[in-house]
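Dear colleague,

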Amino acid sequence: MKPVSDALWHFIKHLSSGEKLFLRRNYIGLSTIKDPLYILLFDAIDKQPVYNEADILKKLAPEINSQNIAFQKHYLYQQICNALVQYESRKNEDAAIFNQIQLIQIFRRKGMLDEAKNLWRKTMIRARQAEAQALIIMLRNEFERMLLWSDGKAGYDELNTLFKDNIVTYNEYAEVIVMRDIYAEVLMLKRNAHFDWADTSIPHRIEALLRLLPTLKKNLADYFFWYRHYYRLCKATLLYLSNKNLPEAYQYVLDIIADWKQHGDYLKTDSEKFMDVLSMLNYLGTPLNMFKAVETAFNDPFNDKITDPILQAEFEALKYLTLNKLFHKMARYKEVADLIVYFKNRHDKWENKLNIETNRDMYISCSISCFVLENYDDALFFIKRGLLYFKDNTRIERVSLAQLFLLLIVYNMNNIKLFEAQYRSTYNYFYKKKNKHPFEKIIIQCLHGTFYLRNYAEKVKEFNKALTLLEQHKDNEVQKKVFSMFNFPRWLTSRVERVSYQQLVRMIVAEQTQAREQEQQ
């Protein structure tokens, strides 16, 4: 028997209080004495902490029963979708313009050409201000239809002037369409480059896409906003993926952010695109040691203009992951501790708004922070919570990290029974794993071998042995990705030098800072 789906329950649980109020106010018939069945069903589902269809049937019997509940759920789903579309259109400039275009069509068909012309004029100005090229094309079609339907005395000179007043040329618009196609390909390449290091075609595809970018016929600043955005972002991302001229790519991203700040209204409708720019700033600024610039960009008050609850949660998660990584690299552990407190207070509110990948990255990141600050109980809790999200067979390097890091946490807790149980679990996981890597076996054997040693000199020999073996496999791509998230060799070095991981990082950062200052002098 097919299990009962709880998709509608999840849908309702994701609704904001404003959306629920809008549904009740606008989708309940005024003539009804009592709430319709689908509203009763909505309330019953909304009150459930866990979906239980049998309990709903019991409470709403006999009006809702096993024969009609499927229809009522489907009808409720459609009503919620209709309500959300209408609710969102009030805040979406493109939707508002589209609604006006539909009204122009109605006026024209009803023979109300004066009303159609007046609304067309206002709507065209509004569409040009929004650089909504697809909607401008629809308005041009309506202008042609109005000319066909009107008599010879109708005055269209002013509208014709507005019709021909192209702020954006057709050629530029065509080039933007090409760049959006390129960018969609770039996003796929970025995912593949991060996830699949065996794909040897990626460098050739990057070069091909760079050649497809249009040649600028004037200063880039003279093009319209979305042209500048896609040109710079495509360039920056492709240069980043090809690992060529990262400073040039970084400058492109800085220019994009400066441009967005001058056109802040776009952040209300296209927040996801700006967040993608901030992600690129992290990818480029971190390897270039532009830590302060990245931190400043993520703390900029401009980001407060992201108002959608889902996108706010995504931005806060992105900000947390970025700043946590930066603070570790700068050995700013007081800020790391503050971020842990911040995360503990917020993660339950974010969790149901974020995708699987972001959730597991946050839990792993917080676990690493707790481990470095030697709070092993919290580190164990968060890494186990992160492991719950590894069910889609993606991001193999993160699975390896989580399993090895879990064993490392238990190792440092120094509990024999707990370590033995976790060692068996970790060993069984990697034994069954299809694609094995040498570093996994090296770390597991080192932890298992040294856990039972009581002579510290013997432990140091094993730590050094593991460091030597890991160095021999330093070109392994999965190993590099895992160690970029948590530096296992650095932890082994801290054990050899008998200092905490945190102390070792502070010393390394101090040396690097001193070296950079001497170079600048």
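Is Tyr 452 buried, partly exposed or exposed? Tyr 452 is partly exposed, at a relative accessible area of 36%, where buried means under 20%, exposed over 50% and partly exposed in between, with a 1.4 Å probe and protein chains only. Please keep in mind that this is a predicted model, in which local features need pLDDT of at least 70 and side-chain atom pairs count only at pLDDT 80 or more, while totals for chains, interfaces and linings use all residues. Residues are numbered from 1 along each chain as its sequence is written, and side-chain values use heavy atoms, with hydrogens and water left out.

The whole structure holds 43 aromatic pairs, a pair being rings of Phe, Tyr or Trp (its six-membered ring) with centres within 6.5 Å, and planes under 30 degrees apart count as stacked, over 60 as edge-to-face and the rest as tilted. In one of them, Trp 226 and Trp 260 have ring centres 5.8 Å apart and planes at 85°, so this pair is edge-to-face. Trp 226 is buried at 8% relative accessible area, and Trp 260 is buried at 0%. Lys 273 lies over the face of Trp 226, 4.5 Å from the ring centre (NZ of Lys or CZ of Arg within 6 Å of the centre and within 35 degrees of the ring normal).

Phe 451 and Tyr 452 also form an edge-to-face pair, with centres 5.2 Å apart and planes at 85°; Phe 451 is buried, at 3% relative accessibility. Both belong to one aromatic cluster, whose members include Tyr 411, Phe 463 and Trp 491.

Best regards
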